[in-house]
Amino acid sequence: MAATLTLNQQRLYEQARSLQDNQNVLVVMKNNAYNFGMSLAYEAFYKAGIRSFATTNLDEAIWLRAQHSETVIVLLDPSTEFDLLKKHDITLTIPNMAFYKMYKEQCETIKVHLVFKNLLNRFGFDTAEEMKAVLDEGALTITGIWTHFAFADELEDDRYTIEKENWQYVLSVLSPYLDALTMIHAQNSASFLRDGLFDQHTHIRVGVIAYGTRPYYELPESLARQTIEVSATVKDVVTVPKGESAGYSAAFVAEEDTRLAICDIGYGNGILRTRSKHEVMINDQIYPIAVLMMSHMMVKIDEQVSIGDQVFLYNDTLRLDYFTQKGVGAFSEQMAGLNQNTFAVKTIRLSS
Ligand SMILES: Cc1ncc(COP(=O)(O)O)c(C=O)c1O
(Lines give C-alpha, C1' and ligand atoms only; values in the text may rest on other atoms or scores of the structure.)
Protein backbone atom coordinates (compact mmCIF):
# COMPACT_ATOMS: atom_id res chain seq x y z
CA MET A 1 0.00 0.00 0.00
CA ALA A 2 1.15 3.53 -0.73
CA ALA A 3 1.70 6.08 2.00
CA THR A 4 -1.71 7.10 3.27
CA LEU A 5 -3.11 10.49 4.21
CA THR A 6 -6.37 10.28 6.14
CA LEU A 7 -8.53 13.39 6.27
CA ASN A 8 -11.11 13.34 9.04
CA GLN A 9 -13.89 15.57 7.77
CA GLN A 10 -16.21 14.61 10.63
CA ARG A 11 -13.72 15.89 13.17
CA LEU A 12 -13.19 19.03 11.16
CA TYR A 13 -16.92 19.63 11.36
CA GLU A 14 -16.99 19.00 15.11
CA GLN A 15 -14.07 21.35 15.66
CA ALA A 16 -15.67 24.10 13.58
CA ARG A 17 -18.99 23.60 15.31
CA SER A 18 -17.43 24.00 18.75
CA LEU A 19 -16.12 27.39 17.62
CA GLN A 20 -19.07 28.64 15.61
CA ASP A 21 -21.56 27.70 18.35
CA ASN A 22 -19.94 30.28 20.63
CA GLN A 23 -19.06 33.16 18.31
CA ASN A 24 -19.11 33.96 14.64
CA VAL A 25 -16.17 32.53 12.74
CA LEU A 26 -14.57 33.95 9.62
CA VAL A 27 -12.65 30.84 8.67
CA VAL A 28 -9.41 31.13 6.71
CA MET A 29 -9.47 28.86 3.66
CA LYS A 30 -6.24 29.95 1.99
CA ASN A 31 -3.80 27.51 0.41
CA ASN A 32 -6.43 24.93 -0.43
CA ALA A 33 -7.90 25.15 3.06
CA TYR A 34 -4.52 24.75 4.73
CA ASN A 35 -4.06 21.81 2.34
CA PHE A 36 -7.01 19.92 3.80
CA GLY A 37 -8.82 20.40 0.50
CA MET A 38 -11.35 23.13 -0.31
CA SER A 39 -14.37 20.89 -0.92
CA LEU A 40 -14.02 18.74 2.19
CA ALA A 41 -13.25 21.69 4.42
CA TYR A 42 -15.99 23.90 3.02
CA GLU A 43 -18.63 21.21 3.40
CA ALA A 44 -17.64 20.67 7.04
CA PHE A 45 -17.47 24.37 7.88
CA TYR A 46 -20.73 25.21 6.17
CA LYS A 47 -22.51 22.37 7.94
CA ALA A 48 -21.06 23.69 11.22
CA GLY A 49 -22.87 26.97 10.57
CA ILE A 50 -19.95 29.08 9.38
CA ARG A 51 -21.04 31.62 6.80
CA SER A 52 -17.92 33.79 6.44
CA PHE A 53 -14.85 32.63 4.54
CA ALA A 54 -11.51 34.30 3.90
CA THR A 55 -8.68 33.57 1.52
CA THR A 56 -5.74 35.37 -0.04
CA ASN A 57 -6.35 33.95 -3.52
CA LEU A 58 -8.96 35.24 -5.96
CA ASP A 59 -9.54 31.86 -7.63
CA GLU A 60 -10.25 30.34 -4.23
CA ALA A 61 -12.57 33.25 -3.44
CA ILE A 62 -14.48 32.66 -6.68
CA TRP A 63 -14.69 28.96 -5.89
CA LEU A 64 -16.06 29.76 -2.44
CA ARG A 65 -18.71 32.05 -3.92
CA ALA A 66 -19.79 29.31 -6.31
CA GLN A 67 -20.77 27.11 -3.34
CA HIS A 68 -23.45 29.41 -1.90
CA SER A 69 -24.69 32.88 -2.69
CA GLU A 70 -25.52 34.09 0.82
CA THR A 71 -22.07 33.76 2.40
CA VAL A 72 -19.48 36.49 2.95
CA ILE A 73 -16.24 35.93 1.07
CA VAL A 74 -13.37 38.17 2.15
CA LEU A 75 -10.30 38.46 -0.04
CA LEU A 76 -7.51 39.23 2.40
CA ASP A 77 -4.99 40.27 -0.25
CA PRO A 78 -5.38 43.14 -2.70
CA SER A 79 -6.63 42.54 -6.23
CA THR A 80 -7.35 44.78 -9.16
CA GLU A 81 -9.75 42.30 -10.80
CA PHE A 82 -12.66 44.60 -10.02
CA ASP A 83 -15.06 43.06 -12.54
CA LEU A 84 -14.56 39.61 -11.10
CA LEU A 85 -14.87 40.88 -7.54
CA LYS A 86 -18.17 42.53 -8.42
CA LYS A 87 -19.48 39.63 -10.45
CA HIS A 88 -18.81 37.14 -7.64
CA ASP A 89 -19.70 39.46 -4.76
CA ILE A 90 -16.30 39.16 -3.13
CA THR A 91 -15.34 41.64 -0.43
CA LEU A 92 -11.98 43.18 -1.23
CA THR A 93 -9.45 44.29 1.35
CA ILE A 94 -8.11 47.77 0.60
CA PRO A 95 -4.45 47.30 1.51
CA ASN A 96 -3.31 50.90 1.99
CA MET A 97 -3.84 54.56 1.16
CA ALA A 98 -1.92 54.39 -2.12
CA PHE A 99 -4.20 51.61 -3.42
CA TYR A 100 -7.26 53.52 -2.27
CA LYS A 101 -6.20 56.68 -4.09
CA MET A 102 -5.34 54.81 -7.26
CA TYR A 103 -8.43 52.57 -7.46
CA LYS A 104 -11.12 54.48 -5.54
CA GLU A 105 -13.42 54.73 -8.54
CA GLN A 106 -13.10 51.08 -9.55
CA CYS A 107 -13.89 50.08 -5.95
CA GLU A 108 -17.15 52.03 -5.86
CA THR A 109 -19.25 49.10 -7.02
CA ILE A 110 -17.85 46.45 -4.66
CA LYS A 111 -17.81 45.84 -0.91
CA VAL A 112 -14.54 46.51 0.85
CA HIS A 113 -12.78 46.09 4.18
CA LEU A 114 -9.96 48.31 5.38
CA VAL A 115 -6.95 46.66 6.99
CA PHE A 116 -4.64 48.22 9.56
CA LYS A 117 -0.97 47.32 9.07
CA ASN A 118 0.09 47.11 12.70
CA LEU A 119 3.38 45.35 13.56
CA LEU A 120 3.04 42.64 10.92
CA ASN A 121 4.06 45.20 8.30
CA ARG A 122 2.49 43.24 5.47
CA PHE A 123 -0.54 44.93 3.95
CA GLY A 124 -2.40 47.69 5.70
CA PHE A 125 -3.06 51.35 6.32
CA ASP A 126 -0.30 52.93 8.35
CA THR A 127 -2.53 54.93 10.70
CA ALA A 128 -6.00 55.10 12.15
CA GLU A 129 -6.27 58.64 10.82
CA GLU A 130 -5.77 57.45 7.24
CA MET A 131 -8.50 54.86 7.71
CA LYS A 132 -10.80 57.48 9.17
CA ALA A 133 -10.14 59.77 6.22
CA VAL A 134 -11.33 57.01 3.87
CA LEU A 135 -14.44 56.44 5.97
CA ASP A 136 -15.07 60.20 6.20
CA GLU A 137 -14.91 60.52 2.44
CA GLY A 138 -17.80 58.05 2.16
CA ALA A 139 -16.94 57.07 -1.39
CA LEU A 140 -16.94 53.30 -0.83
CA THR A 141 -19.19 50.61 0.60
CA ILE A 142 -17.01 49.75 3.59
CA THR A 143 -18.49 46.76 5.39
CA GLY A 144 -15.60 45.89 7.67
CA ILE A 145 -12.20 46.60 9.18
CA TRP A 146 -9.51 44.27 10.37
CA THR A 147 -5.93 43.79 11.46
CA HIS A 148 -3.68 40.78 11.89
CA PHE A 149 -1.38 40.24 14.88
CA ALA A 150 2.22 39.28 14.26
CA PHE A 151 2.96 38.27 17.84
CA ALA A 152 -0.19 36.62 19.18
CA ASP A 153 1.44 33.19 18.90
CA GLU A 154 4.54 34.30 20.82
CA LEU A 155 3.68 33.95 24.48
CA GLU A 156 7.07 35.23 25.59
CA ASP A 157 7.00 38.35 23.44
CA ASP A 158 4.92 41.24 24.74
CA ARG A 159 4.76 43.00 21.39
CA TYR A 160 1.31 41.37 21.17
CA THR A 161 0.27 43.83 23.90
CA ILE A 162 1.53 46.70 21.75
CA GLU A 163 -0.36 45.39 18.71
CA LYS A 164 -3.54 45.18 20.74
CA GLU A 165 -3.08 48.72 22.02
CA ASN A 166 -2.45 49.99 18.49
CA TRP A 167 -5.63 48.28 17.33
CA GLN A 168 -7.64 49.62 20.27
CA TYR A 169 -6.50 53.09 19.26
CA VAL A 170 -7.70 52.46 15.69
CA LEU A 171 -11.09 51.39 17.05
CA SER A 172 -11.32 54.52 19.19
CA VAL A 173 -10.55 56.80 16.24
CA LEU A 174 -13.08 54.95 14.07
CA SER A 175 -15.69 54.74 16.82
CA PRO A 176 -18.34 56.85 15.00
CA TYR A 177 -18.36 54.24 12.23
CA LEU A 178 -18.17 50.95 14.12
CA ASP A 179 -21.91 50.37 14.56
CA ALA A 180 -22.45 50.57 10.83
CA LEU A 181 -19.82 47.92 10.05
CA THR A 182 -21.00 44.34 9.67
CA MET A 183 -17.57 42.82 10.30
CA ILE A 184 -14.80 43.78 12.69
CA HIS A 185 -12.24 40.99 12.87
CA ALA A 186 -8.73 40.91 14.26
CA GLN A 187 -8.07 37.67 16.07
CA ASN A 188 -6.30 34.61 14.77
CA SER A 189 -6.44 31.37 16.73
CA ALA A 190 -3.80 32.28 19.30
CA SER A 191 -5.24 35.72 19.98
CA PHE A 192 -8.74 34.30 20.40
CA LEU A 193 -7.60 31.50 22.70
CA ARG A 194 -5.60 33.93 24.81
CA ASP A 195 -8.20 36.67 25.10
CA GLY A 196 -11.62 35.43 23.95
CA LEU A 197 -13.51 37.49 21.40
CA PHE A 198 -12.58 41.16 21.86
CA ASP A 199 -15.31 43.70 22.63
CA GLN A 200 -16.83 45.34 19.57
CA HIS A 201 -15.62 42.53 17.31
CA THR A 202 -18.10 40.56 15.26
CA HIS A 203 -15.94 37.58 14.22
CA ILE A 204 -12.80 35.68 15.04
CA ARG A 205 -10.69 35.03 11.93
CA VAL A 206 -9.06 31.67 12.50
CA GLY A 207 -7.14 28.97 10.72
CA VAL A 208 -5.22 26.47 12.85
CA ILE A 209 -7.76 26.00 15.63
CA ALA A 210 -10.52 25.43 13.08
CA TYR A 211 -8.39 22.75 11.41
CA GLY A 212 -7.87 20.91 14.70
CA THR A 213 -4.53 22.11 15.99
CA ARG A 214 -3.55 24.14 19.02
CA PRO A 215 -1.68 27.33 18.08
CA TYR A 216 0.53 26.95 21.13
CA TYR A 217 1.33 23.94 23.20
CA GLU A 218 0.34 25.21 26.63
CA LEU A 219 -3.35 24.84 25.75
CA PRO A 220 -5.19 21.65 26.76
CA GLU A 221 -5.08 18.93 24.12
CA SER A 222 -8.85 18.57 24.34
CA LEU A 223 -9.30 21.99 22.68
CA ALA A 224 -8.52 20.53 19.29
CA ARG A 225 -8.64 17.00 17.95
CA GLN A 226 -6.28 16.38 15.09
CA THR A 227 -8.03 16.02 11.76
CA ILE A 228 -5.34 14.20 9.76
CA GLU A 229 -3.33 11.01 9.98
CA VAL A 230 -0.25 10.09 7.91
CA SER A 231 1.03 6.54 7.68
CA ALA A 232 3.29 4.31 5.62
CA THR A 233 4.05 0.60 5.47
CA VAL A 234 7.14 -1.39 6.41
CA LYS A 235 8.23 -2.77 3.01
CA ASP A 236 11.38 -4.54 4.19
CA VAL A 237 13.52 -5.08 7.26
CA VAL A 238 17.32 -5.03 7.01
CA THR A 239 20.01 -5.51 9.61
CA VAL A 240 22.98 -3.17 9.32
CA PRO A 241 26.07 -4.59 11.07
CA LYS A 242 27.97 -2.39 13.52
CA GLY A 243 30.17 0.10 11.67
CA GLU A 244 28.32 -0.17 8.36
CA SER A 245 26.08 2.51 6.92
CA ALA A 246 22.69 2.86 5.27
CA GLY A 247 21.24 5.51 3.02
CA TYR A 248 22.92 7.87 0.55
CA SER A 249 26.32 9.16 1.60
CA ALA A 250 26.19 7.05 4.76
CA ALA A 251 23.26 9.04 6.13
CA PHE A 252 23.00 6.47 8.92
CA VAL A 253 25.98 4.74 10.51
CA ALA A 254 25.26 1.79 12.79
CA GLU A 255 26.92 2.10 16.19
CA GLU A 256 25.79 -1.46 16.88
CA ASP A 257 24.04 -4.12 14.82
CA THR A 258 20.80 -2.33 13.92
CA ARG A 259 17.49 -3.46 12.48
CA LEU A 260 16.00 -0.91 10.10
CA ALA A 261 12.46 -0.84 8.74
CA ILE A 262 12.36 0.44 5.17
CA CYS A 263 9.11 2.36 4.75
CA ASP A 264 7.37 3.72 1.67
CA ILE A 265 7.26 7.41 2.51
CA GLY A 266 9.74 10.26 2.20
CA TYR A 267 10.23 13.95 1.70
CA GLY A 268 8.76 13.48 -1.77
CA ASN A 269 5.42 13.09 0.00
CA GLY A 270 6.06 16.41 1.66
CA ILE A 271 7.29 15.15 5.00
CA LEU A 272 9.55 17.90 6.33
CA ARG A 273 13.20 17.01 6.79
CA THR A 274 12.95 18.42 10.32
CA ARG A 275 10.30 15.79 11.07
CA SER A 276 12.93 13.05 10.58
CA LYS A 277 14.67 14.04 13.80
CA HIS A 278 11.73 12.61 15.70
CA GLU A 279 9.82 9.43 16.23
CA VAL A 280 7.18 7.35 14.46
CA MET A 281 4.72 4.83 15.86
CA ILE A 282 4.53 1.18 14.87
CA ASN A 283 2.19 -1.21 16.68
CA ASP A 284 1.66 1.47 19.34
CA GLN A 285 5.39 1.63 20.09
CA ILE A 286 7.64 4.61 19.44
CA TYR A 287 10.72 4.23 17.21
CA PRO A 288 13.23 6.83 15.96
CA ILE A 289 13.59 7.71 12.29
CA ALA A 290 17.13 6.97 11.08
CA VAL A 291 17.01 8.42 7.55
CA LEU A 292 14.45 10.25 5.42
CA MET A 293 14.96 9.96 1.66
CA MET A 294 12.75 11.10 -1.20
CA SER A 295 10.52 8.03 -1.33
CA HIS A 296 11.79 5.98 1.58
CA MET A 297 12.25 6.31 5.28
CA MET A 298 14.42 4.09 7.48
CA VAL A 299 13.31 3.55 11.06
CA LYS A 300 15.38 1.98 13.84
CA ILE A 301 13.29 -0.92 15.09
CA ASP A 302 13.38 -3.95 17.35
CA GLU A 303 12.26 -7.55 16.86
CA GLN A 304 8.59 -6.60 17.33
CA VAL A 305 8.35 -4.93 13.93
CA SER A 306 7.73 -6.92 10.74
CA ILE A 307 7.21 -6.35 7.04
CA GLY A 308 3.67 -5.10 6.40
CA ASP A 309 3.29 -3.22 9.69
CA GLN A 310 1.78 0.26 9.54
CA VAL A 311 4.03 3.18 10.46
CA PHE A 312 2.41 6.38 11.72
CA LEU A 313 4.06 9.75 11.30
CA TYR A 314 0.99 11.69 12.39
CA ASN A 315 -1.95 10.39 14.42
CA ASP A 316 -3.79 11.26 17.61
CA THR A 317 -0.61 10.74 19.64
CA LEU A 318 1.86 12.12 17.13
CA ARG A 319 0.15 15.45 16.77
CA LEU A 320 1.08 18.28 14.47
CA ASP A 321 1.13 20.67 17.42
CA TYR A 322 3.47 18.34 19.33
CA PHE A 323 5.96 18.52 16.46
CA THR A 324 5.55 22.29 16.21
CA GLN A 325 6.57 22.43 19.85
CA LYS A 326 9.58 20.22 19.00
CA GLY A 327 10.68 22.71 16.33
CA VAL A 328 9.64 20.73 13.23
CA GLY A 329 7.69 23.67 11.83
CA ALA A 330 4.44 25.54 12.21
CA PHE A 331 1.21 23.61 11.72
CA SER A 332 0.79 25.31 8.36
CA GLU A 333 4.30 24.31 7.24
CA GLN A 334 3.75 20.68 8.16
CA MET A 335 0.34 20.64 6.50
CA ALA A 336 1.20 22.70 3.42
CA GLY A 337 4.06 20.37 2.62
CA LEU A 338 1.94 17.25 2.32
CA ASN A 339 1.62 16.44 -1.35
CA GLN A 340 -1.82 14.88 -1.70
CA ASN A 341 -1.01 13.54 -5.20
CA THR A 342 1.59 11.22 -3.76
CA PHE A 343 -0.66 9.69 -1.12
CA ALA A 344 -3.49 7.26 -1.10
CA VAL A 345 -5.97 9.75 0.36
CA LYS A 346 -8.67 8.36 2.63
CA THR A 347 -11.52 10.48 3.90
CA ILE A 348 -13.56 9.95 7.03
CA ARG A 349 -16.69 11.66 5.75
CA LEU A 350 -19.20 13.72 7.63
CA SER A 351 -21.72 11.44 9.26
CA SER A 352 -25.18 12.40 8.13
C1 LIG B 1 -4.72 37.49 7.64
C2 LIG B 1 -4.83 36.21 8.38
N3 LIG B 1 -5.81 36.05 9.26
C4 LIG B 1 -5.97 34.93 9.97
C5 LIG B 1 -5.10 33.87 9.81
C6 LIG B 1 -5.31 32.64 10.63
O7 LIG B 1 -4.28 32.47 11.57
P8 LIG B 1 -4.23 31.15 12.46
O9 LIG B 1 -4.07 30.02 11.51
O10 LIG B 1 -3.04 31.38 13.33
O11 LIG B 1 -5.52 31.10 13.20
C12 LIG B 1 -4.04 33.98 8.91
C13 LIG B 1 -3.10 32.89 8.75
O14 LIG B 1 -1.99 32.99 8.36
C15 LIG B 1 -3.90 35.19 8.17
O16 LIG B 1 -2.90 35.36 7.30
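1. The residues that make up the lining of the largest pocket divide into 19 nonpolar, ten polar and twelve charged. These values come from a predicted model, and every point below should be read with that in mind.

2. The volume of this largest pocket is about 950 Å³. Of the 41 residues that line the largest pocket, those closest to its centre are D153, N188, V208, P215 and A330. Several elements give two or more residues to this lining, namely helix 2, strand 6 (111-116), strand 7 (141-147), helix 10 (189-195), strand 9, helix 11 (320-325) and helix 12 (331-337). Among these, helix 11 provides the largest share of the lining, with three residues.

3. Where does the ligand sit? The ligand sits in the largest pocket, and the elements that give two or more residues to the shell around the ligand are helix 2 (30-34) and strand 9 (204-206).

4. The ligand is surrounded by 13 residues, of which the closest are K30, Y34, S189, R205 and G207.

5. In the side chain of R205, an N or O atom is 2.7 Å from a nitrogen atom of the ligand, while a polar side-chain atom of R122 lies 3.1 Å from an oxygen atom of the ligand. V208 takes part through its backbone, where an N or O atom lies 2.9 Å from an oxygen atom of the ligand. Taken alone, the ligand exposes 390 Å², and the protein buries 89% of that area.

Methods
Residues numbered from 1 in each chain as written. Predicted model: local features only at pLDDT ≥ 70, side-chain atom pairs only at ≥ 80, totals over all residues. Heavy atoms only, no water. Near = heavy atom within 4 Å. Polar contact = N/O pair within 3.5 Å; in protein donor to acceptor, adjacent residues only side chain to side chain. Areas by Shrake-Rupley, 256 points an atom, 1.4 Å probe, with all protein chains shown as cover. 1 Å grid on protein atoms, 1.4 Å probe; cavity = no way out; pocket = protein on both sides within 12 Å on 5 of 7 lines; lining within 4 Å. Sits in = over half its atoms within 2 Å of the grid points. Helix = DSSP H or I, 4+ residues; strand = E, 2+ residues; numbered from the N terminus. Points joined across faces, edges and corners; volume = space filled by probe spheres on them. Nonpolar A, V, L, I, M, F, W, Y, C, P; charged D, E, K, R; others polar.
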